[in-house]
Amino acid sequence: MMATAQTTQEKENEDWSLLPLVHDIIKCMDKDSQDVHQELAKLKSKIQEAREQISNMPGIDCSPQEQQQQLCTLREQVRTKNQLLHKYKGLCMFDVPKAS
Amino acid sequence: MHFSDLCKTSAPHASCSLIHLFVLYKSSTAKTSDQWRNTRQTEPLFSVFQILEVLVQRDREFQELMAVAQSQGKLHEEMQRLEKEVEKRDSDIQQLQKQLKEAEHILATAVYQAKEKLKSIDKARKGSVLSEELIKYAHRISASNAVCAPLNWVPGDPRRPYPTDLEMRSGMLGLMANLPSNGVNGHLPGDALAAGRLPDVLTPHYPWQSSDVSVGMLPPHHGSDLGLEPPGHNKENEEDVENMSTDSSSSSSDSD
């Protein structure tokens, strides 16, 4: 289970890597084949695809530290409001006077 | 050492193969070219390796940043979930606030009304009236049939809860007005009324009247024949009736 999770994570990491494409380009250059331009186009499209994916990623407008801070603030807000609601729903505001 | 370090630390297989490929490429070209036999042979290789090292490093950094971005994305989802919870709690608090406001309004109204009732109770206690006096007064104002029709009243009965024209003319004011000038009022009924008699034709016959009623008898107070009204109350009752019931819109007015 852990191994499969690690391999999937490695695959995800490898998806972002541009080195295989650079390697293919250099290989083509070494062989003096006509596929160099094709490989260069692949690299270019990969970079463009990465740019588009990054622009669509949510939550990257602030740093991880700021995000953590916001998350802590939100959790504190939820906790405080839950406490308030629990307190006021269970509070008896009307004290019945004792019959004298 | 340099290459092994690169192979260990950099992302994978691609980086190592790149370096090996470059080494092979350059070494193969170095064998054939004269330029590569010079001491400068190592410089292009060294710069190439530097470039490769930078490329591998950048690629590694890029992958790390992408991993951070993915984790930030997950945190962002968690934050969105928490924001929805906060909104829900806010709506619950607003709902509770509205209910408390409504309860406060209702209680304030109830307290105000209770205070007003207590004031009226105190006022009533201060100005208390005996029940016997109330009953006597009620009897006096209702004796002239101004608040309720007589028990034997039927549709067609000319009696009204207010003084009728005949009653007014037969009263003190009518008699006083007609005394100085006889014949001012040319109406026969009026003269007859002034004289204290009515002709037989014009004498109204009502089912409620008893058979031994005299022809010319004037009915200033219709109930007096039947003895329903106590004696000596007429003026007082009329005054009280005028004060108490000034509304002429009685149900019996349009019965005829």
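Student: Glu78(B): buried, exposed or partly exposed?
Tutor: Glu78(B) counts as partly exposed, at 22% relative accessibility. Keep in mind that this is a predicted model.

Student: Why isn't 22% enough to call it buried?
Tutor: Buried means under 20% relative accessible area, so Glu78(B) at 22% counts as partly exposed.

Student: Which residue does Glu78(B) form a salt bridge with?
Tutor: Arg75(A). The closest N and O atoms are 3.8 Å apart. The pair crosses between chains, from helix α4 of chain A to helix α3 of chain B. Arg75(A) is partly exposed too, at 43%.

Student: OK, the interface. How much area do the chains bury between them?
Tutor: About 3300 Å², with 75% of it on carbon and sulfur atoms. The contact takes 34 residues from chain B and 36 from chain A. Eight residue pairs are in polar contact across it.

Student: Which element of chain B gives the most to that side?
Tutor: α3(B), with 26 residues. By class, the side of chain B that touches chain A has 20 nonpolar, seven polar and seven charged residues.

Student: What about Gln72(B), buried or exposed?
Tutor: Buried, with a relative accessible area of 6%. Gln72(B) is found in helix α3 of chain B.

Student: Which residues make up the largest nonpolar core?
Tutor: Leu71(A), Leu74(A), Val78(A), Met79(B), Leu82(B) and Val86(B). α4 of chain A and α3 of chain B each supply at least two residues of this core.

Student: What does Leu74(A) touch?
Tutor: Met79(B), Leu82(B), Glu83(B) and Val86(B), not counting residues up to four places away in sequence.

Student: Switching topic. Where do Lys101(B) and Glu104(B) lie?
Tutor: Both lie in helix α3 of chain B, three residues apart, about one turn of the helix. Lys101(B) is exposed, at 56%.

Student: And Arg159(B), which residue does it form a salt bridge with?
Tutor: Asp157(B), with the closest N and O atoms 2.9 Å apart. Arg159(B) is buried at 8%, and Asp157(B) is buried at 1%.

Definitions and conventions
Residues numbered from 1 in each chain as written. Chains lettered and ligands numbered in written order. Predicted model: local features only at pLDDT ≥ 70, side-chain atom pairs only at ≥ 80, totals over all residues. Heavy atoms only, no water. Contact = heavy atoms within 4.5 Å. Buried area = accessible area lost by both parts, 1.4 Å probe. Polar contact = N/O pair within 3.5 Å; in protein donor to acceptor, adjacent residues only side chain to side chain. Helix = DSSP H or I, 4+ residues; strand = E, 2+ residues; numbered from the N terminus. Nonpolar A, V, L, I, M, F, W, Y, C, P; charged D, E, K, R; others polar. Buried < 20%, exposed > 50% of the residue type's maximum accessible area, 1.4 Å probe, protein only. Core = buried A, V, L, I, M, F, W, Y, C linked by side-chain atoms within 4.5 Å. Salt bridge = Lys/Arg side-chain N within 4 Å of Asp/Glu carboxyl O.
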